[in-house]
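Hi,

Here is the structure I said I would pass on.

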Amino acid sequence: MSASTKPLLEVRDLAVRFELPKAGLFAPKRHFHAVRGVSFAVPQGRTLGIVGESGSGKTTTAMAAIRLRPADGGQVLLDGRDILKLTQDELRRARRDFQIVFQDPYSSLNPRERVGSIVREPLDLMKVGEPGEERNERVRELFSLVGLRDDQIALFPHQFSGGQRQRVSIARALATNPRLVVCDEPVSALDVAIQAQILNLLRRLQDELGLSYLFISHDLGVVQFICDEIAVMYLGRIVEYAPRADLFRTPRHPYTASLLAAAPSLSRRKSAGYRRVSAVRGDPPSPFNIPPGCAFASRCPNAQTRCREEEPVLRQFGEGRVACHFPLD
Ligand SMILES: Nc1ncnc2c1ncn2[C@@H]1O[C@H](COP(=O)(O)OP(=O)(O)OP(=O)(O)O)[C@@H](O)[C@H]1O
Ligand code: SF4
Ligand SMILES: [Mg+2]
């Protein structure tokens, strides 16, 4: 592995479960497994995408990986150091290195705070630089970095467009000079033309600052534009994991193939008359009651008896890995 592809973040066998309400006062506790043994790596300066339908566990995976919610098992190594084992004090210090940008800049930015202090807040919380002019200077630098002007620093979030608000969120995420930025559907709430501007900004920032991204999206067009490698999630598991070009040229898992069949590229989406079509036929099984065998069997055009009896594990196939008994050629 070359120095430029050395993993910055390595997630091994991550598990997250949620407790369900009890069926009765004396009934046993019940759990539901939202993330089931997920492993991936984000190389230094590169972008790993996680795609999958709503409810597949993308956000839960990312939130657990950066300890914004608890994990129930696994390891998360940032530069070889297990984030899941850090004490609260160690975690507070380590947080400078990993930040997150959320989907909806309306709800993630406090409407009563001026955007300058929103961007400055992580510097104050983590005591980065001297209070006063040094931090103000950093805020001006961050505004310029994301394509905003100095005279916008004193405005409130509602005085910005959706795209500009997402630029504010990105500036805030970059304030502490992180190495890893988790982007959870950062453009899903934006118009297509604005999406391209924000994606280009993220790419430029990656080049200039050497950032690594864990990029979550349900939208394969967006993922194709920005990601180097892609992990496809289905019901809490990764079912395919491959370099971008291979995944788009030769999807190996029937689920990936169905997602691709329904996903136009960004450029096609901009053309007049485009209408979004729904993705994969049928609904996934209930996450509370996943059947034995392959979790995709009820929707898979290629399902056979073995698929309903034996759960496929992720294994090397072509340039990537796939969890399917009968991968596509
Ligand atoms: N706090 C919670 N308590 C119970 N269940 C939860 C909680 N958060 C998420 N879930 C469930 O966990 C599963 C995974 O949710 P998650 O939000 O990670 O999916 P996602 O892939 O990010 O979906 P989306 O594309 O809609 O954002 C879903 O079934 C969801 O309902
Ligand atoms: S294991 Fe069987 S059911 Fe599952 S995706 Fe592969 S072919 Fe389809
Ligand atoms: Mg999500």
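F18, F32 and F288 are joined into a cluster by ring pairs (Phe, Tyr or Trp rings, the six-membered one for Trp, with centres within 6.5 Å; planes under 30 degrees apart are stacked, over 60 edge-to-face, the rest tilted). Bear in mind that this is a predicted model, with local features needing pLDDT of at least 70 and side-chain atom pairs 80 or more, while totals for chains, interfaces and linings use all residues. Residues are numbered from 1 along each chain as its sequence is written, chains are lettered from A and ligands numbered from 1 in the order written, and side-chain values use heavy atoms, without hydrogens and water.

The count of aromatic pairs comes to five. Y234 and F296 form an edge-to-face one, 5.2 Å centre to centre with 85° between the planes. This pair links distant parts of the chain, 62 residues apart: Y234 is in strand β9 and F296 in the loop between α11 and α12 (helices are DSSP runs of H or I, at least four residues, and strands runs of E, at least two, numbered from the N terminus). Both Y234 and F296 are buried, i.e. under 20% relative accessible area with a 1.4 Å probe, protein chains only (exposed is over 50%, partly exposed in between).

As for charges over rings (NZ of Lys or CZ of Arg within 6 Å of the ring centre and within 35 degrees of the ring normal), R203 has its charged end over F225, 4.1 Å from the ring centre. R321 does likewise with Y241, at 4.9 Å.

Cheers
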